[in-house]
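The sequence and the model are shown below.

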Amino acid sequence: MANTDNSCANLEIENLHAISKDTLGDIMSIQAETQKNVYGYDFENMTLRDLMTFWHMNNHAMIDEIHEATDALGGIKDGAGNAIWKRWKKAHESFSDKKFSDLSQSDQLECKFEIIDMLHFFMNYAISVGMTPQEMYNMYMSKNEENRARQQRGY
């Protein structure tokens, strides 16, 4: 079950996107600063083995957040939580015709915040190898175009 003691649904969400000139850059900069100044990671001086250990920790954390998001998809405060995927629970069948919009506003926010937790760990991978926001954007666009072309070629 997702953490019920770490609720984020009541956090104030400011519209900082409206004033940002580089949203992805802002996210990556804040995450990099957090890793360096809060947790003490020095990616430029890490050995490949240290980097692998960091990635393994982030992989575990990412999987944990995926599990928490899966539970949150069933509603944490106002729903049935992990019954969404636990077929043996009585409430499991109640999800057959529900949509995300059927969750309470609070439960929708909790689920979205779990996805933001995933983003933190995803960004750690990119930051740890020195990826810039420009690289991430340009490489994503290039790879997405190639993926679409592969589908057209019958991949």
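The expected span of a helix is 1.5 Å times one less than its number of residues. Helices here are DSSP runs (H or I, at least four residues), numbered from the N terminus, as are strands (E, at least two). This is a predicted model, in which local features need pLDDT of at least 70 and side-chain atom pairs count only at pLDDT 80 or more, while totals for chains, interfaces and linings use all residues. Residues are numbered from 1 along each chain as its sequence is written, and side-chain values use heavy atoms, with hydrogens and water left out.

| Helix | Residues in helix | End-to-end C-alpha distance | Expected span |
|---|---|---|---|
| Helix 3 | 24 residues | 35 Å | 34 Å |

After helix 3 comes G130, which has a positive phi near 75 degrees.

In helix 1, G25, M28, Q31 and Q35 are buried (under 20% relative accessible area, with exposed meaning over 50% and partly exposed in between; 1.4 Å probe, protein chains only). These residues lie on the same side of helix 1, because they cover an arc of only 135 degrees around the axis, the arc being that of the directions from the helix axis to the C-beta atoms. I30 and N37 are exposed on the other side of helix 1. The cover over the buried residues includes helix 2 (48-73), helix 3 and helix 4 (133-152).

Helix 1 (residues 23-37) and helix 3 (residues 105-128) have axes that come within 10 Å and cross at roughly 85 degrees. Axes are lines fitted to C-alpha atoms, for helices over the stretch in contact, and angles run from 0 to 180 degrees between N-to-C directions. The two helices are therefore roughly perpendicular (65 to 115 degrees; under 35 is roughly parallel, over 145 roughly antiparallel, and the rest oblique). From helix 1, L24, I27, M28, Q31, A32 and Q35 meet L119, H120, M123, N124, A126 and I127 of helix 3, where contact means heavy atoms within 4.5 Å. Eight of the contact residues are nonpolar, four are polar and none is charged.

I27 is partly exposed, at 39% relative accessible area. Beyond its neighbours within four places in sequence, I27 is in contact with L119 and M123.

H92 sits in the loop between helix 2 and helix 3 and is buried, at 12% relative accessible area. With neighbours within four places in sequence left aside, H92 is in contact with A83, I84, W85, K86 and R87.

Key:
Ala, Val, Leu, Ile, Met, Phe, Trp, Tyr, Cys and Pro count as nonpolar, Asp, Glu, Lys and Arg as charged, and the others, Gly among them, as polar.
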